[in-house]
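Please examine the sequence and the structure before reading each solution.

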Amino acid sequence: MRILSLLLFFFSLNLAAQQELSKEEVAQFQEKMMAKANELETLQANFIQTKKMEMIADETVSRGKIYYQNPEKLKWKYTEPQDYVIILIEGELHINDAGDKSVRNTASSKLFGKIANLIIGSVNGKLLQDNENFDISYFKENDNIIAVIIPKDEHLSQMFSEIQMQFNAESLVEKVSLMEESGDVTVIEFSEIQWNKDIPSSVFQP
């Protein structure tokens, strides 16, 4: 369930209060995003993850740190309420649950491969290019751009019904929200984002 929660990057926004981008604005944003993605070598940030379940009034809040190194090294380190680490590297998903370690090979499962691409694409913004697996619409809210992403893939759509990615004026992802068919929602908000700062190789050691 932790892996599923990691993917459920989000919360439902009031699209009625937002303005849909024109084709020209979408093209300009995509061009800007591609340029930003091509410049990206490393990224690290703090995050707060909030999970709200339809049948439970209380919210579950987790905190931690994310590390990304181009092209496919990603680490999610939960520090609160407990230690939990997920490292995606060289086609393998390494999980460390407070000392209990396990490894899953994404190449052996088409679904895990798509999950890996989803995670990486959400961080570097390249998910917005995946028109084969997703229908994507764009909206403007103040200085932010919100990409509303609907999965086409049957297996992915069973995990979540909609993803929303919020980009700030610098085209950096500040918030990701994912909604499940059940009504459960997970929101991950990033802060203290550091762009292209060296990350020690030891960070990605399983």
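**Exercise 1.** Which residues does serine 171 contact, leaving aside its neighbours within four places in sequence?

*Solution.* Serine 171 is in contact with Phe29, Lys32, Met33 and Lys36, where contact means heavy atoms within 4.5 Å. The model is predicted: local features need pLDDT of at least 70 and side-chain atom pairs count only at pLDDT 80 or more, while totals for chains, interfaces and linings use all residues. Residues are numbered from 1 along each chain as its sequence is written, and side-chain values use heavy atoms, with hydrogens and water left out.

Next, locate the residue: serine 171 belongs to the loop between β10 (162-167) and β11. Strands (E, at least two residues) and helices (H or I, at least four) are DSSP runs, numbered from the N terminus. Serine 171 is buried, at 5% relative accessibility. Here buried means under 20% relative accessible area, exposed over 50%, and partly exposed in between (1.4 Å probe, protein chains only). Finally, the C-alpha atoms of serine 171 and methionine 34 are 10.0 Å apart in space, although 137 residues separate the two in sequence.

**Exercise 2.** State how many salt bridges a search of the whole structure finds, and describe the partner of lysine 140.

*Solution.* Side chains of opposite charge can pair when their charged atoms come close. A salt bridge requires a side-chain nitrogen of Lys or Arg within 4 Å of a carboxyl oxygen of Asp or Glu. The search of the whole structure finds three. In one of them, lysine 140 meets glutamate 25, at 3.6 Å from N to O. Lysine 140 is in strand β8 (residues 134-141) and glutamate 25 in helix α2 (residues 23-39), so this pair ties together parts 115 residues apart in sequence. Lysine 140 is partly exposed, at 33%, and glutamate 25 is also partly exposed, at 27%.

**Exercise 3.** Are glutamate 180 and lysine 51 buried or exposed?

*Solution.* Begin with the pairing: glutamate 180 forms a salt bridge with lysine 51, their closest N and O atoms being 3.6 Å apart. Glutamate 180 sits in the loop between β11 (173-179) and β12 (185-195), and lysine 51 in strand β2 (residues 42-52), 129 residues away. Glutamate 180 is buried, with a relative accessibility of 14%; lysine 51 is buried as well, at 13%.

**Exercise 4.** Where do lysine 152 and aspartate 135 lie?

*Solution.* The side chains of these residues, lysine 152 and aspartate 135, form a salt bridge of 3.6 Å, N to O. Lysine 152 lies in the loop between β9 (144-151) and α4 (154-159), and aspartate 135 in strand β8. Lysine 152 is partly exposed, at 45%, as is aspartate 135, at 44%.
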